[in-house]
Amino acid sequence: MKRLKHRKFFSFAMLGVVAVALAGCSQQSSSNTPRNKTVAVSSKDVISTMDSSLNTDQIGSQNLNNTMEGLYRYRGKQLKPAMATSIAQPTNNGTVYNINLRHAKWSNGDPVTAHDFVYAWRRIVDPKTGSQYSYIYSGIKNADAIVAGKKKPDTLGIKALGDHQLQITLEHPIPYFNTLVTGSQFLPINQRSIKKAGNTYGISSKEMAFNGPYKLVNWKVGDTEWTEVKNHSYWNARHVQPKAIKYYTIKDPNTGLNLYDTNQMDRYQDISGDSARQLSNRHDFGTDLTSSTFYIEMNQKKLPYFKNAKLRQAISLTINRDELSNNVLGKTGTASHSIVPRDMTHHKATGTDFVKEPSALADQQYTSYNPKKATKLWQEGLQETGQKELNLTMTTDDTDTAKKQAEYLQNSFEKNLPGLKVTISSVPFKTRIQRQSTHDFDLIVAAWNADYPDPTNFMDLFTTGNPQNDGQWSNKEYDHYVKAAETTDINNPELRWKDMLQAQHIITKEQGVIPLYQVTSASLTKSNVHNFKITPTGLYDMASVIKN
């Protein structure tokens, strides 16, 4: 999911591959499961970790969602109680949630209790854990102070009032709190598993316990295939139909299509642009618009001249986003003029999409293809920063589509921006994430997938000091409006909406980051497999999948 670090660091989507010939523990485990009871699907990449405190990508989030159960769970677009017996309503002016929990068990036989939630939540905000997602707890009582090392983890605003009752206290109301805690970073953790595994927790399934629909078996980090079998200890197991979910890592489209057409896979998903175009007329082809956006970050700390807005604006104006989406990405992306995805958040009174508000549409002047203006701004920016020529390296993923996109951008930049030379560095997903986290790049094509369906989930990334702000763009006015939307104006829906629109205007005008496109997930699905419903956070609820 970099933070798609729960950045959900998002890998380029585009596919595949597996060394299907590889033999391994995960392969052996699946061979004992009847094929007609198993739903086999593709994955963009391998699982980096199953530690919910440390996971930062979409692949980990999907598999944690398959195997763990938090307070609530999305069934398609609908929020449903999970470990909570009902969807709690806050008291105390929106700052206190009292949540009753179901009587359930971990896969190792231990009872799932409120103490498991308390333990997990304290663990992720503890600076000793080193979670890149601890910031998402901001707003829960004392979370910011704990993350900053000013208070102890046991002062976090969560406590067990008994084995099956939680009380959560916020510093201020969070309108989207119930959707926020569907994220994998709010899952409980079995304490006995942590004690057994120690520092190796999450890198293999051996010492892990699961309270979700499935159990990950015989897996270790690096496996290109893995199997999750039905968890009969799951509280809602009778409504989980598949006996197992089998994943194949697919990076080569030909491999993916071969596995699918020979009936070794029931669903080939995240198909690349060229393949998606070629397959789009098939009856089993489909697409899902996700709440994920790709964008370019410019390293302003390493290259201070990128603090000049004209240089950033010029780069953005060289990009013909419609051409990029239609000709390069095909069925796997739609042009994006904002960091916030479309069809994710709507005004409660008017129903207007956040990114289709009049001010947002007016802001498209800063992202609409205009090479003549781009050249003018670029020359002015070079003069203002004392530069004559720039040699930049653009880091991107190493999938076929990512490489083609990089080549398209490289050509657009060099053709319209005099004195600019761009070298492409195509690297594996994990390497790209590492470079983002360590700010080891000039330009980088990054992505974010929604943790919860609210514009602030994307806007907060680029506030000053946010650990996900890889390019380290900074604007005090932008910070002000984002903070107001999350604190002082949070109980005033109209004012909060205006705050977020104003923040969107600032980052779009300044091109603090350069939006590229919103991901559309293309897939082939067998006719006897149903209920692949995407959630607002871009995950699939595999507990609802049915295979006839």
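**Helices, strands and domains of the predicted model**

Asparagine 308 caps the N-terminal end of helix H9, with a side-chain oxygen 2.9 Å from the backbone nitrogen of lysine 310. The model described here is predicted. Helix H9 covers residues 309-317, and eight of these nine residues are buried, so the helix is largely enclosed by the rest of the structure. The buried residues are Ala309, Leu311, Arg312, Gln313, Ala314, Ile315, Ser316 and Leu317. Their cover includes two strands, E13 (285-298) and E18 (514-525). Helices also contribute to this cover: H10 (321-329), H12 (371-385), H13 (400-416) and H17 (493-510) are among the elements involved.

The protein chain is divided into two domains. Domain 1 consists of residues 35-249 together with 527-547, and domain 2 consists of residues 288-521. Their C-alpha centres lie 30 Å apart. Domain 1 gives 23 residues to the contact, and domain 2 gives 26.

Helix H2 (residues 58-67) is mostly covered, with 10 of its 10 residues buried. The buried set runs through Gln58, Ile59, Gly60, Ser61, Gln62, Asn63, Leu64, Asn65, Asn66 and Thr67. These residues pack against strands E1 (38-43), E2 (72-75), E9 (214-217), E10 (225-230) and E11 (244-249), and also against E17. The start of H2 has a contact of its own. There, a side-chain oxygen of aspartate 57 reaches to within 3.1 Å of the backbone nitrogen of isoleucine 59.

Strand E2, one of the strands packed against H2, also takes part in a hairpin with E3. Strand E3 spans residues 78-81, and its pairing with E2 is antiparallel over four bridges. Tyrosine 72 has proline 81 in E3 as its bridge partner. Two residues lie between the strands of the hairpin. Glycine 76, in the turn, has a positive phi of about 65°.

Strands of a sheet pair through backbone hydrogen bonds, and the pairing may be parallel or antiparallel. Strand E8 (residues 165-169) pairs with E7 in the antiparallel sense, over four bridges. Within this pairing, glycine 162 stands opposite glutamine 165 in E8.

Nine of the 12 residues are buried, so H3 is largely enclosed by the rest of the structure. The buried residues are Ala114, Asp116, Phe117, Val118, Ala120, Trp121, Arg123, Ile124 and Val125. Strands E6 (111-112), E7 and E8 are among the elements that cover them. Helices H4 (143-147), H5 (177-180) and H6 (191-197) also belong to the cover.

Helix H4 contains alanine 145. Leaving aside neighbours within four places in sequence, alanine 145 is in contact with Lys150 and Lys151. Alanine 145 and threonine 155 are 10 residues apart in sequence, and their C-alpha atoms are 9.5 Å apart in space.

Aspartate 442 is placed in the loop between helix H14 (429-437) and strand E17 (443-449). Its relative accessibility is 9%, and a residue under 20% counts as buried, so aspartate 442 is buried. The side chain of aspartate 442 makes a polar contact of 2.8 Å with the side chain of lysine 302. A polar atom of the aspartate 442 side chain also lies 2.9 Å from the backbone nitrogen of threonine 393. Leaving aside neighbours within four places in sequence, the contacts of aspartate 442 are Glu297, Met298, Asn299, Lys302, Leu303, Phe306, Asn391, Leu392 and Thr393.

Conventions. Residues are numbered from 1 along each chain as its sequence is written. This is a predicted model: local features need pLDDT of at least 70, side-chain atom pairs count only at pLDDT 80 or more; totals for chains, interfaces and linings use all residues. Side-chain values use heavy atoms; hydrogens and water are left out. Two strands pair if DSSP finds at least two bridges between them. Buried means under 20% relative accessible area, exposed over 50%, partly exposed in between (1.4 Å probe, protein chains only). Contact means heavy atoms within 4.5 Å. A polar contact is a pair of N or O atoms within 3.5 Å; within protein, one must be able to donate a hydrogen and the other to accept it, and residues adjacent in sequence count only if both atoms are side-chain atoms. Domain bounds come from an automatic or database domain assignment.
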